[in-house]
Amino acid sequence: ESGEEEDEESGEEESGEEGEEGEKEPLGTSAGLAAPGPEEPLSVEMRLRVTNVGEQVGADVPQLYLAFPAAAGEPPLLLRGFARTSLLAPGGSEEVPLRLAARDLSVWKGGEWVLARGRYVAHVGSSSRDLRLERSFEV
């Protein structure tokens, strides 16, 4: 149901392959991160290419976990998005967008949502225990 990871920015490949029993095939994703221009509302979009490197038709649900800046006082990782691919034939690929709005980057303080400024780290994988891609960005 998944494949190899390729970091589009660095061209590096990573494999998420495991042993035999309880095995998972590697998640086939590559990612790019886009931040808004100065006049646009705050949003961040991560685009993933998911490839089925298995031998059967399958789908995947990449999950986006966010590590807030340390000063925000949030838990280490918060689930902030996910998207299901369509059924992919063996060798088939699909680009999946995962978007973060200003609210996803905010914390509840003093009775209102406040945008947390600083360095964020976005992690993507099939679960919080299987994170295969990572990108950081500043707000």
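Analyst: Buried means under 20% relative accessible area, exposed over 50%, and partly exposed in between (1.4 Å probe, protein chains only). This is a predicted model, in which local features need pLDDT of at least 70 and side-chain atom pairs pLDDT 80 or more, while totals for chains, interfaces and linings use all residues. Residues are numbered from 1 along each chain as its sequence is written, and side-chain values use heavy atoms, without hydrogens and water.

User: How many helices and how many strands are in the protein?

Analyst: Helices (H or I, at least four residues) and strands (E, at least two) are DSSP runs, numbered from the N terminus. Along the sequence the pattern reads β-β-β-β-β-β-β-β-β-β-β. The count is zero helices and eleven strands.

User: What share of the residues of the protein count as buried?

Analyst: R132, in strand 11 (residues 130–138), is a buried residue, with a relative accessible area of 7%. Over the 139 residues of the protein, the buried share is 40%.

User: What percentage of the contacts with a separation of 6 or more do residues 24 or more positions apart account for?

Analyst: A contact means heavy atoms within 4.5 Å. Of the contacts in the protein with a separation of 6 or more, residues 24 or more positions apart account for 58%.

User: Over how many bridges do strand 10 and strand 11 pair?

Analyst: Two strands pair if DSSP finds at least two bridges between them. Strand 10 and strand 11 form a hairpin with two residues between them, and H123 stands opposite E134 in strand 11. The pairing of strand 10 and strand 11 is antiparallel, and the number of bridges is eight.

User: Which residue in strand 10 is the bridge partner of Q63?

Analyst: Strand 10 (residues 119–127) also pairs with strand 5 (residues 63–67), in the antiparallel sense over five bridges. In strand 10, the partner of Q63 is G125.

User: Why is the pair of W108 and W113 edge-to-face?

Analyst: Rings of Phe, Tyr and Trp (its six-membered ring) pair if their centres lie within 6.5 Å; planes under 30 degrees apart count as stacked, over 60 as edge-to-face and the rest as tilted. The whole structure holds three aromatic pairs. For W108 and W113 the centres are 5.2 Å apart, and the pair is edge-to-face because the planes stand at 70 degrees.

User: Is W108 buried or exposed?

Analyst: W113, the partner ring of W108, is partly exposed because its relative accessible area is 41%. At 53% relative accessibility, W108 is exposed.

User: What is the angle between the planes of Y120 and F137?

Analyst: Y120 in strand 10 and F137 in strand 11 are 17 residues apart, so the pair links distant parts of the chain. Y120 is buried at 0% relative accessibility, and F137 is buried at 10%. Together with F68, they form one aromatic cluster. Y120 and F137 are stacked, with 5.3 Å centre to centre and a plane angle of 5 degrees.

User: Which residue lies over the face of W113?

Analyst: A charge sits over a ring if NZ of Lys or CZ of Arg is within 6 Å of the ring centre and within 35 degrees of the ring normal. At 3.3 Å from the ring centre of W113, the residue over the face is R103.

User: What distance separates the C-alpha atoms of V114 and A102?

Analyst: V114 is in strand 9 (residues 112–115) and is partly exposed at 33% relative accessibility. Leaving aside neighbours within four places in sequence, V114 is in contact with L105, S106, V107 and K109. A102 is twelve residues from V114 along the chain, and their C-alpha atoms are separated by 9.2 Å.
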